[in-house]
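Trainee: Please show me the model, and then I will ask about the chains one at a time.

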Amino acid sequence: MLRYLAGRLLRAILTIFLVIAFVFFVLHLSGDPAMMILSADAPPEAIKAFREAWGLDRPVWEQFLAYLFHALQGDFGNSMRDGRPAMQLVLERVPSTLAITVPAFALKLLIGIPAGIYAALHRNSLADRLTMMISVAGFTVPSFVLALVLVLVFSVQLGWLPSAGSDKPTSAILPIVTLGVAGAAILARFTRSAMLEVLGQPYIRAASAKGLQWRKVVVEHALPNAAIPTTTIVGFMVGTLIAGAVVVESVFAWPGIGRLLVSAVSNRDLAVVQAILLLVATTMVTANIIVDFVYGWLDPRLRRGGTRGR
Amino acid sequence: MRALHGIDLEVRRGEALGLVGESGCGKSVTWLAALGLLGSRARVGGAVRLEGRDLVGTPVAELERVRGRHIAMIFQDPSSSLNPVHRIGRQLGEALKLHRGLDGGAAEAEARRLLDRVHIADAQRRLGDYPHELSGGMNQRVMIAMALAGQPDLLVADEPTTALDATVQAQILELLGEIRRDSGMALVLISHDLGVVAENTDRVCVMYAGRIVEDAPIDTVFEAPAHPYTKGLLAALPELDGARRVLTPIAGVVPEPWNLPKGCSFAPRCDRRVDACEAAPPLPTLREADHRVACIRA
Amino acid sequence: MTALLEVSNLSRVYEVRRGAWPFGRQATLHAVDGVSFELPAGRTLGLVGESGCGKTTTAKLVLGLVPVTGGEVRIGGESLPAAGTPSWRALRRRMQMVYQDPLGALDRRLSVGRQVMEPLAIHDIGKPAERLDKALAMLDAVGLAQHHFDRFPHELSGGQRQRIVLARALMLDPQLLVCDEPISALDVSIQAQVVNLLLALQQKLGLAYLFISHDLRMVRQVSHEVAVMYLGRIVEQGDPDRLFATPAHPYTQALVSAIPTHARAKRQRVVLPGEPPNPVDRPAGCAFHPRCRHATTRCRVEAPALRILADGRRAACHNAEQIA
């Protein structure tokens with residue numbers, strides 16, 4: 001077990017390192033922060049001084065090594081804009097983002113999974129077709145369009161909810177719904193097809209032939225098996241808790257990580273962008289590890305894979 | 001699409017009946033239909049009487065009490081007929097709770113006894129195994145143990161050995177015979193293999209395209225088959241001993257279920273066909289007290 | 001005269017992991033372990049045994065689809081070149097394979113005719129018109145009509161698909177067909193059609209077949225010689241009639257007696273205890289001894305060699321004479 005964990009961890013670290021490296025080089029080769037921060041008509045001396053101050057005059061690989069060296073000590077650089085530590089700036093925004101992504105995640109699970117199961121159990125019924133139609137709409141309509149529609153209806157027309165900002169407790173509702181609906185649609189579809197696949201398996205018929213009530217066949221035999229493929233997509237959704245709301249946060253002017261990322265990118269605030277992407281990569285990788293363990297827990301075939309079966 | 005065209009079949013208490021036919025002839029569907037296992041899109045007509053009680057059209061709750069307890073089934077692919085995520089012990093326990101109301105220690109003791117009954121060595125350890133940790137033959141033994149949990153009057157074995165190797169097939173058939181002798185349970189053995197049926201049943205129904213074409217004691221079928229399809233099947237099978245002879249295949253292919261000929265379904269492939277065969281499907285008629293044939297030329 | 005196909009001391013070893021991934025240790029699986037046989041032109045060798053006995057691996061080794069670990073395959077006296085080389089490709093034209101599942105072996109998107117002509121196109125043989133003529137002639141030879149040319153695999157029955165696979169395999173005028181369970185997926189009434197076709201083609205074209213099947217009756221029907229495999233080795237080999245009538249090896253005896261037939265209902269059957277062991281756990285001595293009711297101390301320690309018995313057949317059993 002220890003060896004397995006160690007291997008997993010090593011792969012995770014390698015993944016994160018590759019993300020850091022890739023982002024670092026892309027960012028450093030794609031534009032000059034000095035121009036953005038100081039504006040293009042700043043005196044050449046000021047630009048030169050800025051570059052020296054941030055180490056931008058040194059070769060890229062040297063900058064990268066320095067960044068790595070400091071990052072290993074927990075120093076992820078400072079924001080070029082207001083000089084505060086980049087990671088601190090980012091972490092401050094985390095609660096705000098989680099305040100909409102976590103409820104949205106719950107919404108996805110609570111709507112998507114039951115809807116998918118129901119649709120599968122009543123295949124080709126009116127309810128199934130309706131669910132699938134809504135689901136197709138749910139993930140073909142881009143989230144900013146959905147957001148704008150919701151704003152139009154609930155803020156502009158009905159005036160029930162604020163259209164943007166974060167000052168009122170009700171401000172979170174529209175962002176949460178926007179995120180949740182799209183995710184629920186995807187999840188419903190996945191759950192439905194996983195369930196249909198399982199319901200066609202011989203052991204389902206065998207369980208019925210045994211005399212088990214249909215309800216028990218579904219709960220005890222179909223659901224545990226359908227949970228296995230569904231885990232993949234749920235795990236992916238966990239991975240997007242930090243950075244899955246970029247568009248929605250921008251539309252609703254929600255002060256989360258997503259908006260910070262957008263402004264940091266347009267300002268070439270390198271350290272902040274790096275810090276965000278590092279955080280995103282870490283969440284993704286962690287979510288993946290969790291999914292792997294959940295797989296092992298759900299599926300005994302993976303738990304004790306042997307040489308059985310040729 | 002119509003899969004069955006009026007199946008008349010009787011299984012007596014303790015009898016072993018064989019059901020033989022090629023893929024798509026309806027030999028499995030017959031039993032799934034009888035137990036209401038075909039799903040909501042299938043329409044089943046006629047009557048299925050179990051000790052005088054009609055099962056067709058009865059509420060599902062009632063059928064659930066018949067399944068497993070009066071009529072148990074085992075299937076072709078044992079390894080995928082067991083739920084891959086539950087331990088053997090749990091799946092056996094489920095049947096024992098359902099049919100015998102056993103729980104906890106009593107259920108475990110009985111599960112162990114059942115595994116012993118189907119000759120699985122080291123039953124205690126096997127209860128904690130998952131289906132993928134057992135071979136196909138072992139899984140079929142578990143399926144049989146699970147069927148025995150309900151102490152059924154009739155076991156329907158749907159191609160129980162088709163997915164298994166020859167020597168394992170022999171073991172499973174031996175086991176089924178042994179259990180039947182001990183328990184007096186009736187057996188319906190569904191197979192495409194006349195040999196399998198011959199060794200293990202007393203009477204056989206030969207099915208073709210959704211109908212029973214011949215129904216006779218096993219010796220009659222081999223020694224004096226009456227239907228041209230039964231004759232054709234026997235002529236197409238090589239022997240393992242004696243002089244080798246050229247096989248006589250049945251010409252043509254089985255008709256599609258949605259495209260059956262108007263008259264006898266076998267007529268297009270039959271070498272004894274006459275015009276009258278194409279008029280209407282032949283009715284089963286008694287040749288002898290225990291020998292029924294659906295052929296006007298037999 | 002040298003045989004068309006000579007296989008000597010053929011072996012194939014796989015490294016596998018025993019147990020769950022992080023803990024398991026490497027183990028060696030002898031899928032095929034020192035198999036030798038000869039197949040003369042125009043003859044049929046039947047290869048029988050249960051799943052995992054190595055018969056399919058043997059087929060793949062013969063065609064060079066799987067590299068050998070040891071031993072040699074010779075075709076018409078020439079050693080089989082490494083797979084993928086031009087000389088192997090040239091030799092492969094002379095040996096074709098027929099699989100169990102004809103639908104899987106065919107391309108669903110291509111018409112029957114295109115698929116039958118394909119081997120000629122791949123090897124760049126003949127002009128398009130000649131290819132067409134040959135394909136039509138071949139469809140006729142396997143008992144299909146001209147109108148099947150434009151059909152697609154899913155529009156045909158299982159037996160017809162297997163005929164197409166055969167027609168395609170025969171387009172390059174091979175001398176050897178390796179048939180791996182060619183009739184197992186077919187209905188009983190269709191099996192005889194395909195078997196009769198195989199026999200007729202052999203008569204007409206002088207083909208040699210390596211015929212792999214678990215169906216002993218069909219194997220006897222088509223074979224001039226039969227080899228029985230158990231855990232990667234040939235345990236008995238000889239004339240089919242004699243071998244199945246009076247099997248010498250205890251495993252062959254069990255295999256023969258396991259076949260359900262109407263005639264046997266009255267006879268006592270040898271039911272083997274247990275199941276074929278995992279090839280990774282090949283028992284010491286004679287691999288069959290744990291399931292053999294005739295096993296002696298010698299069987300537990302010394303693996304029997306395949307040796308010629310008095311009646312000319314070969315068997316790998318220390319006690320073949322005593323138990324016959």
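Trainee: What percentage of the 324 residues in chain C is buried?

Mentor: This is a predicted model, in which local features need pLDDT of at least 70, side-chain atom pairs count only at pLDDT 80 or more, and totals for chains, interfaces and linings use all residues. Residues are numbered from 1 along each chain as its sequence is written, while chains are lettered from A and ligands numbered from 1 in the order in which they are written. A residue is buried if 20 or more other C-beta atoms, placed from the backbone, lie within 10 Å of its own. For chain C the buried share is 46%.

Trainee: What radius of gyration does chain C have?

Mentor: The radius is taken over C-alpha atoms, and the globule rule is 2.2 Å times the number of residues to the power 0.38. For 324 residues a compact globule would come near 20 Å, which agrees with the value for chain C, 21 Å.

Trainee: Which helix gives the largest share of the side of chain C that touches chain B?

Mentor: Two residues are in contact if their C-beta atoms, placed from the backbone, lie within 7 Å. By that rule, 34 residues of chain C contact 34 residues of chain B. Helices are DSSP runs of H or I with at least four residues, numbered from the N terminus. Seven residues, the largest share, come from H7(C).

Methods: Helix = DSSP H or I, 4+ residues; strand = E, 2+ residues; numbered from the N terminus. Buried ≥ 20, exposed ≤ 12 C-beta atoms within 10 Å, placed from the backbone.
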